[in-house]
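Subject: Structure handover

Hello,

The structure is below, followed by notes on what was found in it. Please read the notes with the coordinates open.

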Amino acid sequence: MSENLDDMYREIILDHYKAPRGKKPLEDKNVTSDGHNPSCGDELRMELKVDNKNNIADVHVNCKGCAISVASGSMLAEFIKGKSLEEVKAISEQIKKMLKGEESTITEDIGDLDSLKGVRQFPVRIKCALLAWVTLIEGVDKFEGNGTDSSSTTSTE
Amino acid sequence: MNSKTTEKDIVIDIQKIKNDFPILKRQIRDNKLVYLDSGASTQKPIEVINAHTEYFNQINSNIHRGLHTLAEEATNAYEKTRTHIAKFIGGVKTCEVIFTSGTTESINMVAYTWGEANISEGDEIVLTDMEHHANLVPWVMLAKRKNAIIKRIPITDDGRLDLDDIDSIITEKTKLVAVTHMSNVLGTLNPIKQLAEIAHKNGALILADGAQSAPHMPVDVLDMDVDFFAFSAHKMLGPTGVGVLYGKENILEKMPPFNMGGEMISEVSFDRITWAELPHKFEAGTPNIAGVVTFDTALTYLENIGMENIHAYETKLTAYTIDKLLQIDGLKIQGPNNSINRGGAISFTDKNLHPHDISTFLDSKGIAIRAGHHCAQTLMKRMGTIATARASLYIYNDEADIDALYDALIAMRKYFGHE
């Protein structure tokens with residue numbers, strides 16, 4: 001097996017792909033955000049429960065797509081639970097930078113998310129890894145815009 | 001449409017052919033390249049590569065204008081390809097062969113000239129559910145501009161045109177039937193001759209998108225009786241940026257020009273401009289001369305093998321490929337599951353894996369396929385999928401390539417934990 005391939009499909013990524021976190025739809029949610037990459041056909045539905053302290057109390061991600069988009073969404077679900085909207089927005093921007101190969105200023109331990117770096121070697125797949133994060137940003141923006149349940153469709157293409 | 005050539009007649013020296021294509025010797029990450037993406041673009045034999053260099057070494061010049069030796073030689077070489085194509089597609093007049101940048105431009109040319117002049121409100125344009133965006137978007141946009149109506153010939157679940165209700169689809173209201181000769185996704189070969197007859201009976205014209213058929217089988221536009229036929233050089237061993245639009249002379253004569261500028265005019269004043277004769281009326285500006293000249297060599301290469309031979313060989317290899325893929329549990333062929341009236345564009349889906357993961361994995365083994373919606377989003381919807389993986393064959397592929405694909409697909413399932 002080539003090194004490159006294992007760089008992208010790291011153990012952690014395959015683990016998230018095979019058993020995505022945040023699978024259970026939320027009964028109590030106040031943000032719904034949809035992402036779609038038409039050229040891959042990837043579709044992602046994200047539901048958030050934001051509590052009255054503006055923390056993410058719960059999250060659901062359902063991604064129909066490739067291993068990278070599914071794994072990225074799963075890692076997102078695991079990572080953002082319990083974080084504040086401010087923290088979530090900041091980390092999303094950092095992940096975007098990391099995937100695009102720009103200088104990121106991540107100082108905290110981002111755990112599994114670090115494994116997404118390998119995707120950079122496969123430029124056409126970066127948008128797959130980005131899908132969950134732009135869907136999240138879109139959802140948070142909408143939430144902060146009107147503070148109620150919101151729906152939107154976004155894309156990384 | 002089915003080739004009459006029997007198996008024993010197939011004369012293909014596959015090793016010689018493979019040796020003719022320098023790129024096939026390339027290593028992709030320690031693996032020998034297995035190129036199964038010819039439906040997107042084919043590789044080029046050394047003769048074609050040399051012809052391209054030779055053009056620039058010996059005769060590079062603009063055409064149809066200069067009075068010097070190079071200009072004359074370049075013009076002759078350019079026009080020689082036109083004559084060659086006229087013969088290649090069934091013996092049409094050279095004035096009926098228009099050079100474009102590719103199939104897409106060929107079809108847009110018809111949409112923006114013939115379409116603008118002939119389609120009115122309420123007119124109907126008939127497409128099919130298996131069109132490439134190149135033969136779909138220009139017509140949908142034309143219909144929007146004109147308030148015309150798009151109708152579609154449906155397809156069956158195994159990817160054939162469903163002609164059961166054809167009499168209610170192609171009617172006297174139909175002005176144009178635009179249909180692919182061979183689907184770039186399903187591989188299906190469509191009964192163009194039959195559709196042409198139905199279209200003409202109703203007073204409509206027919207355009208066939210030959211991008212996937214012309215490279216792989218004998219094409220006779222006169223026998224099919226199509227009014228327009230479009231194809232691309234780069235899908236048949238030639239360079240990118242060269243395409244052909246065939247149109248019947250009497251129709252082309254009445255069509256307004258597409259691009260305006262040099263070469264397509266007869267006389268120009270600020271009050272009055274007259275158009276050049278066919279085919280130059282449709283060839284404004286300096287074309288891709290090197291590409292057109294080189295295309296001649298590609299056509300000769302194909303003819304030396306023989307289009308009947310090519311079709312028979314690929315039909316056999318297609319059958320082998322389908323057979324192999326169907327041995328893999330959970331793999332589905334999107335399109336006909338047999339090689340009857342079908343070319344070597346073989347789309348498949350895996351019930352567990354996204355086509356992009358399939359393609360990335362195969363690439364790690366040196367195998368080039370295409371993954372995605374193949375510029376056919378409406379067809380993907382019809383097939384109930386978001387994307388497919390597609391292996392597409394050509395004369396330089398053999399059973400060993402398909403065995404490599406098969407082995408890699410088995411290894412892939414193990415890698416992703418879907419054994």
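In which loop of chain B is Glu263(B) found? Glu263(B) lies in the loop between α9 (249–254) and β11 (265–268) of chain B; helices here are DSSP runs of H or I with at least four residues, strands are runs of E with at least two, and both are numbered from the N terminus.

This is a predicted model, in which local features need pLDDT of at least 70, side-chain atom pairs count only at pLDDT 80 or more, and totals for chains, interfaces and linings use all residues. Residues are numbered from 1 along each chain as its sequence is written, while chains are lettered from A and ligands numbered from 1 in the order in which they are written.

Backbone

Phi of Glu263(B) is near 80 degrees, a positive value in a residue other than glycine. Asn147(B), also not a glycine, has a positive phi of about 55 degrees and sits in the loop between α5 and β6 (149–153) of chain B. Most residues other than glycine have a negative phi, and most peptide bonds are trans. Asn147(B) is exposed because 11 other C-beta atoms lie within 10 Å, and Glu263(B) is partly exposed, with 18. The cut-offs are 20 or more for buried, 12 or fewer for exposed and partly exposed in between, counting other C-beta atoms within 10 Å, placed from the backbone.

A cis peptide bond, with omega about 0 degrees, joins Leu278(B) and Pro279(B). Pro279(B) is in the loop between β12 (273–275) and α10 (289–305) of chain B.

Helix pair

The axes of α4 (residues 103–118) and α5 (residues 137–146) of chain B come within 9 Å and cross at roughly 20 degrees. Axes are lines fitted to C-alpha atoms, for helices over the stretch in contact, with angles from 0 to 180 degrees between N-to-C directions. The angle makes α4(B) roughly parallel to α5(B) (under 35 degrees; over 145 is roughly antiparallel, 65 to 115 roughly perpendicular, the rest oblique). Ile107(B), Asn108(B), Ala111(B) and Gly115(B) of α4(B) meet Pro138(B), Trp139(B) and Leu142(B) of α5(B), where contact means C-beta atoms, placed from the backbone, within 7 Å.

Interface

On the chain A side, 15 residues are in contact with 14 residues of chain B. Helices α1 (3–8) and α2 (11–18) of chain A each supply at least two residues of that side.

Regards

Conventions. Two residues are in contact if their C-beta atoms, placed from the backbone, lie within 7 Å.
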